[in-house]
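Hello,

Here is the structure I promised to pass on to you. Please open it first, and then read my notes below with the model beside you.

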Amino acid sequence: MNKEIRIPKRFKKIYRLIGIGGVILEIASFMLFIFGKRNPATSTFDYIFSVVFYFFTIFCFALIIIKPERLEFFSLVSFIYCINMLIYFPSNIFSILMFSIGLITLQLRGYFKNGKVVKLTALIVMFLAALSSELRFGFGTFLNSFLDMLGASFLMLLIFIFVQRYIKLKNPFMLTPICDFSDYDELTDEDKEIIRLLKEGQKYDWIAGKLGIATSTLKKKVHRIFKILDVPDLIGFQAQFSAQELVFTKEELLEWKKRNLGL
């Protein structure tokens, strides 16, 4: 099987270390905030918001430790930091960087596969709402921050386009990624058929009817398959496999090589 479609254990360890480091840093920062000398200018709202920010961030980092394969938890952390920067640090272009990281992580997780326009619109509205909080510093500050964010967004878009262009130039004959299941002994023929049907986007009830089994039985089989494939759930499955050409037999693999590689 093509290992690139799975999250290697070493990366899970790295993600967990990131989560542990985040928890330690946030707890230390929270202790300094609580027991340090409080700024008299800090309002009650800002104080409560900061406490909530710390607790929620620590909670998200803890989730990363528990479920490192659930990339949406990284997105939550990115969006939290983005909102905090927008509210308290006008014209901080790192906020747009954190926002972009959150979007990219959700894209990798597969959350934009369905309802992309609605979900992107909701996230952009959230960003603009947080940015609008800078109006309390004056319209001039808000306008300057808005223009900075617009410029930073444009720059990041250009970088993204150039990177994509560079990849295509380096490999102009990019092939459809392949996932070879022919040597995956843990999977039965029925499991492979379930994988094929899930990739097609079929519903559980439909697949169960086609296979002549109960939906509850199918869900147990799917849970076992996801465990073998090292994906957390159906969203993760679609994110990793939707762009893959699945190969289930040696004959299919040989045919793919002849078609794409001329072997």
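Is Glu190 buried, partly exposed or exposed? With a relative accessible area of 28%, Glu190 is partly exposed; buried means under 20% relative accessible area, exposed over 50%, and partly exposed in between, using a 1.4 Å probe and protein chains only.

Before going further, note that this is a predicted model, where local features need pLDDT of at least 70 and side-chain atom pairs count only at pLDDT 80 or more, while totals for chains, interfaces and linings use all residues. Residues are numbered from 1 along each chain as its sequence is written, and side-chain values use heavy atoms, with hydrogens and water left out.

**Salt bridges**

The whole structure has five salt bridges, each a side-chain nitrogen of Lys or Arg within 4 Å of a carboxyl oxygen of Asp or Glu. In one of them, Glu190 meets Lys221 at 2.9 Å, N to O. Lys221 lies in helix α9 and Glu190 in helix α7 (residues 189-199), so this pair ties together parts that are 31 residues apart in sequence. Helices here are DSSP runs (H or I, at least four residues), numbered from the N terminus.

Now find Arg70, which is linked with Glu72 and Asp233 in a network of salt bridges. Glu72 meets Arg70 at 2.6 Å, N to O, and for Asp233 and Arg70 the closest N and O atoms are 3.9 Å apart. Asp233 and Arg70 are 163 residues apart, and both sit in loops: Asp233 between α9 (215-229) and α10 (234-241), Arg70 between α2 and α3 (72-88). Glu72 is buried at 9%, Asp233 is buried at 19%, and Arg70 is partly exposed at 23%.

**Aromatic pairs**

There are 14 aromatic pairs. Rings of Phe, Tyr and Trp (its six-membered ring) pair if their centres lie within 6.5 Å; planes under 30 degrees apart count as stacked, over 60 as edge-to-face and the rest as tilted. Take Phe30 and Phe55: their ring centres are 5.3 Å apart and their planes at 70 degrees, so the pair is edge-to-face. Phe30 belongs to helix α1 (residues 9-35) and Phe55 to helix α2 (residues 44-66). Phe30 is buried, at 12% relative accessibility, whereas Phe55 is exposed, at 52%.

Another pair to look at is Phe99 and Phe127, with centres 4.9 Å apart and planes at 50 degrees, so this one is tilted. Phe99 is buried at 6%, and Phe127 is buried at 7%.

Enjoy exploring!

Terms used: Helix = DSSP H or I, 4+ residues; strand = E, 2+ residues; numbered from the N terminus.
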